[in-house]
Amino acid sequence: MADTTQALLAGELVPSGQLVTFTLDGVEFGLDIDRVQEITHRSDVTPVPGSPSFILGVINLRGLIIPVIDSRVRFHLAPQEPTSKTRIIVLRLASGPTGLQVDSVAEVVRLEDHALRETPPLVAGIRAEYLAGMVTVGNRLITLIHLEKLLDSSELSRRAELEELSMEGSFGGNEGTEEEIEADGRPFVTFRLGTESFGIALQQVEEIVELPTVTKVPDAPDYVLGVICLRDQVMPLIDLSEILSIEQGEGGRRRDMVVLLSFGSARIGVVVDEIQEILRVQDDQMLPPPQTLSEAEREHLEGILLLPGRMVSLINVLKIITGDDQEKIAAMGQGLGLGDARTQETHPSLELVAFRLGPESYGLRLHEVREIIMVGQITPVPRAPHFVDGVLNLRGEVMPVVDLRTRFGLERVEATSISRILITSIGGVFTGLVVDAVDEVRPVELHRFGPPPSVTAVGANRYIEKVARLDNGMIFLLELQQLLTDAETEQLQGLQGRRTTANRTGEP
């Protein structure tokens with residue numbers, strides 16, 4: 001894995017330079033947007049008898065029969081019932097269009113750093129054979145999926161079988177070939193504003209990101225909410241609801257996402273309530289703008305798309321903004337004292353896994369963390385040290401679990417939905433460390449590190465090697481091998497050995 005990864009650049013795996021990101025168990029993954037045909041809500045999936053366990057069934061996408069892979073089953077994660085955020089990503093694989101069901105689709109992001117990092121074993125339960133490497137986007141590390149590994153050669157040979165079985169079932173017949181489906185189709189990002197749906201041509205979209213902090217600016221048009229900063233670039237944020245006079249639905253507006261567009265030499269953000277899907281639209285699917293609209297309204301409307309249960313207005317945002325306002329908007333962000341990140345001096349950095357305990361942030365070196373998992377079943381062990389919760393069985397490997405809150409003198413608390421266990425090696429013993437939450441994996445420049453303070457809010461002083469002073473706080477770097485004394489390490493080795501023997505002999 002290491003040699004292959006080091007020999008590749010992200011540009012080879014992501015030639016478009018844009019990623020569609022999605023989540024599984026709260027972990028972020030990425031796919032080259034050019035390999036994504038569509039993103040759609042989870043529609044009716046027809047099961048196919050005799051298909052592999054990870055195949056949910058097939059869907060009929062405008063006459064094309066497409067098998068759907070359950071990514072959780074394929075990647076050996078615990079099954080989960082679909083939610084309102086569940087999506088099916090239709091991928092272009094060598095075998096033909098294939099659906100991948102994921103927990104949620106997060107964003108469309110543009111790569112700036114094309115260096116590819118080796119994938120560390122941080123993703124609980126997901127085998128390295130499916131992972132192609134990791135890339136950085138801002139402070140985030142996104143894991144790239146090796147698409148061609150989703151189906152191996154023996155499974156590919158069954159694809160025709162799946163399609164034939166589904167054709168004999170409820171679908172009747174195929175109404176078009178893949179080439180016919182693709183012909184003249186243009187991808188659109190669809191989103192919700194209030195109770196209405198709109199779409200923007202994907203070629204105009206640079207990124208789709210979560211709504212960051214908004215800074216108000218004086219003398220801006222009414223529909224400009226302010227400016228946002230994304231990776232040291234400042235851009236205006238437009239409220240389309242104000243321009244298009246969209247009424248809020250019940251419960252008020254939920255402005256969660258921002259669609260970033262090129263605006264001449266500048267960029268603008270368009271705030272939307274919710275990203276719905278990415279669809280390929282053929283010309284004959286689009287209805288012309290209604291004649292009841294004014295000439296100006298028809299000019300920025302490319303057409304109307306009728307989907308089951310809703311109508312999507314396909315718009316050109318850049319034509320909605322009037323000429324008088326275009327200069328003002330293009331000038332926003334100038335002179336705000338933020339330089340281009342590409343021109344700033346780079347410094348050597350240390351990759352950290354940052355996590356929280358109580359009120360403070362701590363970090364471990366990335367290479368020290370073998371895996372990050374959710375808190376699952378922990379079996380208590382009699383006469384274990386007070387800071388040991390018990391042992392867990394991680395895919396057949398038994399290891400002790402240390403509660404860091406107790407180790408640092410904090411009150412023991414019940415695990416929450418954001419609590420995590422860091423799997424690491426202490427004194428040669430693979431050990432789980434229970435923490436309140438894992439914040440991120442991030443590089444920290446070496447010049448930000450200094451000696452630790454004489455006292456912290458908790459009793460962790462003797463375990464702290466250095467402190468990183470950041471713009472928004474501090475991260476205490478732990479000296480991992482100091483967490484346990486030699487005697488305590490021997491105790492954990494004994495626990496691990498006894499528990500392994502008990503498991504083999506069937507003892508409780």
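Trainee: How much space lies in the second largest pocket?

Mentor: Some ground rules come before the number. This is a predicted model, where local features need pLDDT of at least 70, side-chain atom pairs count only at pLDDT 80 or more, and totals for chains, interfaces and linings use all residues. Residues are numbered from 1 along each chain as its sequence is written, and side-chain values use heavy atoms, without hydrogens and water. A pocket is found on a 1 Å grid over the protein atoms alone: an open set of points with protein on both sides within 12 Å along at least five of seven lines. Points join across faces, edges and corners, and the volume is the space filled by probe spheres set on them. Here the second largest pocket holds about 490 Å³.

Trainee: Which residues are closest to the centre of that pocket?

Mentor: A lining residue has an atom within 4 Å of a grid point. There are 19 of them, and T40, L61, L279, L307 and P308 are the closest to the centre.

Trainee: Which strand gives the most to the lining?

Mentor: Strands are DSSP runs of E, at least two residues; helices are runs of H or I, at least four; both are numbered from the N terminus. Strand 18 gives the most, with 4 residues. Strands 3 (36-41), 4 (55-61), 18 (274-281) and 19 (301-307) each supply at least two.

Trainee: How do the lining residues divide into nonpolar, polar and charged?

Mentor: Ala, Val, Leu, Ile, Met, Phe, Trp, Tyr, Cys and Pro count as nonpolar, Asp, Glu, Lys and Arg as charged, and the others, Gly among them, as polar. The lining has 8 nonpolar, 5 polar and 6 charged residues.

Trainee: How many salt bridges does a search of the whole structure find?

Mentor: Side chains of opposite charge can pair when their charged atoms come close. The test is a side-chain nitrogen of Lys or Arg within 4 Å of a carboxyl oxygen of Asp or Glu. The search finds 12.

Trainee: Which residue forms a salt bridge with R72?

Mentor: D103, with the closest N and O atoms 2.7 Å apart. R72 sits in helix 3 and D103 in the loop between strands 7 and 8, 31 residues apart.

Trainee: Is R72 buried or exposed?

Mentor: Buried means under 20% relative accessible area, exposed over 50%, partly exposed in between (1.4 Å probe, protein chains only). R72 is buried at 5%, and D103 is buried at 15%.

Trainee: What distance, N to O, separates E465 and R365?

Mentor: 3.0 Å. E465 lies in strand 30 and R365 in strand 22, so the pair ties together parts 100 residues apart in sequence. E465 is partly exposed at 25%, whereas R365 is buried at 16%.

Definitions and conventions. On a 1 Å grid over the protein atoms alone, a cavity is a set of points where a 1.4 Å probe fits but cannot get out, and a pocket is an open set with protein on both sides within 12 Å along at least five of seven lines; lining residues have an atom within 4 Å of a point.
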